[in-house]
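I open my notebook for this structure.

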Amino acid sequence: MKRTISRLVEIGLRFVGMWPNSAYPNLYWSMYMTTITILQYFQYSYVIAHFDLNNLTLLMDCLGLALTNTLVSLKLLVLWSNRRIFFNILTAMDRDWDEKRVSDFHELGIMTTVADLSRRCSKMIVGIHALAAFFLSAGAYVLRSINAGDDEVFRELPVKMNLPFDDVNESPLFECILFGQFLYELSLASVAGIVNALLVTLILHVGGQIDVMRQEATQKVSDNNNSTVIEIKKLIFRHQNVISLSDNIENLFSLISLMQLLWNTLIICCSGFMIIIALSTRRGAAAVIKSVLLYVAKTLEVFLFCYAGEYLSAKSKSICDSTYELFWYNMMPSESRILLLVMVRSQKRLTITAGKIVDLTLEGFMSVLKTSASYISVLNAMY
């Protein structure tokens, strides 16, 4: 059965206990959150133990990755607290598919195209996050071990943690911790990619429903003079469903978007500073690759959220244009006045906001980059 949400995203949400009607969701959620909370405690213990403003290189290296992992856990907390809204969104999406399976073939084709696009985008987003996690953990360790000249450098863990063990660098404890860190980073990166892919999927579904609405208006309202009022009522009902679905997505991702902008600004600042230091001091390919991958991944993440908001706004504005292009001059004045109300309502654009404060747009994305660059220059001047 065709669905907009890809199987990959569904499996990931089942893994963290967020999919409705999945087996033992509370157990999966509790186990996963407990595990990452313990590991993040070890990460921040290392940051606090090595907190020294005179050694910004080590501080930024540890803090950037710790903030990245914390952001993922906060996203999951927000999704868990708003899971009822998420379930309502899934119900509305299933209802849209059920309606189109018994209606127009062309409209079903639009939704099928959107579903295929969302699957490709989900695979690409999750793949990029997983690849970044691989190079941040296993890839950086392999490069460091190749260039190592002694056992101390070779035994350096990719994720800095203050573990309650003696002789961490001794085998086989070191190999077990190294493998555990690799799974830890890979799972967190994959979950982050799944949450981002979920936002893209929901926005694409809303865009597909707007295209279906425009298709219905063009084919039925303009060409069916005998039942124009009935078709206009269906058009209004479809518009109300789109607005309701967009509002639910906004309520689900508003706080996540705010954390994404604030957190990623700090992470981009830390990783950008590490890139400058690594290139100026020639610390090695491992440090450069680790910092560059984290910088690119977080920048793409912010761009993804901002572009999703820009896409939704552009799609909502197209409703007014398509309504105006109908043959309203051939209708009765009472019927054309109804279309005028649809046009007025569509001028209030649909959007995704960051904490109900600012809209997510490409202009906001440029503001994040400018702010991060300013912080990087300040840190570089302090260093």
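This is a predicted model: local features need pLDDT of at least 70, side-chain atom pairs count only at pLDDT 80 or more; totals for chains, interfaces and linings use all residues.

I start with Y24. Is Y24 buried or exposed? Its relative accessible area is 61%, over the 50% cut-off, so I note Y24 as exposed. Y24 sits in the loop between helix 1 and helix 2. Its phi is positive, about 50 degrees, and Y24 is not a glycine.

Next I look up N21. Where is N21 found? I find N21 in the loop between helix 1 (7-15) and helix 2 (25-49). N21 is not a glycine, yet its phi is positive at about 65 degrees. N21 has a relative accessible area of 82%, so I write it down as exposed.

Now the cysteines. How many disulfides does the count come to? I get zero disulfides. I check C306 and read 1% relative accessibility. Buried means under 20%, so C306 counts as buried. C320 has 12% relative accessibility, so C320 counts as buried too.

How many cavities of 30 Å³ or more does a search of the whole structure find? I list six. The largest cavity has a volume of about 160 Å³. It is lined by 15 residues, and the closest to its centre are T68, H129, L136, A189 and K298. Helix 3 (56-81), helix 5 (105-146), helix 7 (173-221) and helix 9 (285-324) each give two or more residues to this lining. I sort the lining residues of the largest cavity into ten nonpolar, three polar and two charged.

Notes: Residues are numbered from 1 along each chain as its sequence is written. Side-chain values use heavy atoms; hydrogens and water are left out. On a 1 Å grid over the protein atoms alone, a cavity is a set of points where a 1.4 Å probe fits but cannot get out, and a pocket is an open set with protein on both sides within 12 Å along at least five of seven lines; lining residues have an atom within 4 Å of a point. Grid points are joined across faces, edges and corners, and a volume is the space filled by probe spheres set on the points. Helices (H or I, at least four residues) and strands (E, at least two) are DSSP runs, numbered from the N terminus. Ala, Val, Leu, Ile, Met, Phe, Trp, Tyr, Cys and Pro count as nonpolar, Asp, Glu, Lys and Arg as charged, and the others, Gly among them, as polar. A disulfide is a pair of cysteine sulfur atoms within 2.5 Å. Buried means under 20% relative accessible area, exposed over 50%, partly exposed in between (1.4 Å probe, protein chains only).
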